[in-house]
Amino acid sequence: MRTFFESIVVAVACLALCSCSSSNRAVLEGVTGKVTVDGTAVAGVKVAACSPDPKKQIPVVPQATTAEDGSFQLASGSWGKGVLAGEYVLLFSWEEGGRDKLNGRYAPGKSTVTVTVGDSAVDVGTIALTTQ
């Protein structure tokens, strides 16, 4: 049997869910692209979109992992596929045996790959990374 408190929590949760509509949800825009490393498309490169200002936090860090053909589509965790509008720095890592095969070249404070997301989907094209 539910306690009074549990019943209140369930009722509040139901009201919150019922009050959600597409007009008050965050709008996510698609961000896609392709990654090559030393001229070759590779699977397993992790991509993350972070604020260019290290002091500014974003609610969720959009991430992806490249497919066999190097393609990726950023997703914002449980929010779904896409990214909130804004300016981002793209970070990349390609790990094997606990070591970044990109040697940290595209880590926070080092990556110069940027993307601006507005009110429509963005294809960043092919991003050519190097290990050297």
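This is a short tour of the structure, one selection at a time.

**Before you start**

You are looking at a predicted model, where local features need pLDDT of at least 70 and side-chain atom pairs count only at pLDDT 80 or more, while totals for chains, interfaces and linings use all residues. Residues are numbered from 1 along each chain as its sequence is written, and side-chain values use heavy atoms, with hydrogens and water left out.

**Stop 1: the whole chain**

Show the chain as a cartoon. It has one helix and 10 strands, in the order α-β-β-β-β-β-β-β-β-β-β along the sequence. Helices (H or I, at least four residues) and strands (E, at least two) are DSSP runs, numbered from the N terminus. Of the 132 residues, 31% count as buried. Buried means under 20% relative accessible area, exposed means over 50%, and partly exposed is in between (1.4 Å probe, protein chains only).

**Stop 2**

Now select Phe92 and Tyr106. A search of the whole structure finds one aromatic pair, and these two residues form it: edge-to-face, 6.0 Å centre to centre, with 90 degrees between the planes. Phe92 lies in strand S6 (residues 86-93) and Tyr106 in the loop between strand S8 (99-100) and strand S9 (114-117), so the pair ties together parts that are 14 residues apart in sequence. For the terms, rings of Phe, Tyr and Trp (its six-membered ring) pair if their centres lie within 6.5 Å; planes under 30 degrees apart count as stacked, over 60 as edge-to-face and the rest as tilted. Are Phe92 and Tyr106 buried or exposed? Both are buried.

**Stop 3: Lys101 and its partners**

Side chains of opposite charge can pair when their charged atoms come close. Lys101 forms a salt bridge with Glu96, with the closest N and O atoms 3.3 Å apart. A salt bridge is a side-chain nitrogen of Lys or Arg within 4 Å of a carboxyl oxygen of Asp or Glu, and a search of the whole structure finds one. Lys101 counts as partly exposed because its relative accessibility is 21%, whereas Glu96 is exposed at 52%.

The charged end of Lys101 also sits over the ring of Trp94, 3.8 Å from its centre. That description needs NZ of Lys or CZ of Arg within 6 Å of the ring centre and within 35 degrees of the ring normal.

**Stop 4: Ala43**

Ala43 and Thr66 are 23 residues apart in sequence, yet 4.9 Å apart in space, C-alpha to C-alpha.

**Stop 5: Ser51**

Move on to Ser51, in the loop between S3 and strand S4 (63-65). Ser51 is buried because its relative accessible area is 16%. Beyond its neighbours within four places in sequence, Ser51 is in contact with Lys56, Ile58 and Glu87. A polar atom of its side chain lies 3.1 Å from the backbone nitrogen of Asp53.

**Stop 6: two positive phi values**

Most residues other than glycine have a negative phi. Select Asp38, in the loop between strand S1 (31-37) and S2, where phi is near 50 degrees, a positive value. Finish at Asn103, in the loop between S8 and S9, with a positive phi near 55 degrees.

Definitions and conventions
Polar contact = N/O pair within 3.5 Å; in protein donor to acceptor, adjacent residues only side chain to side chain. Contact = heavy atoms within 4.5 Å.
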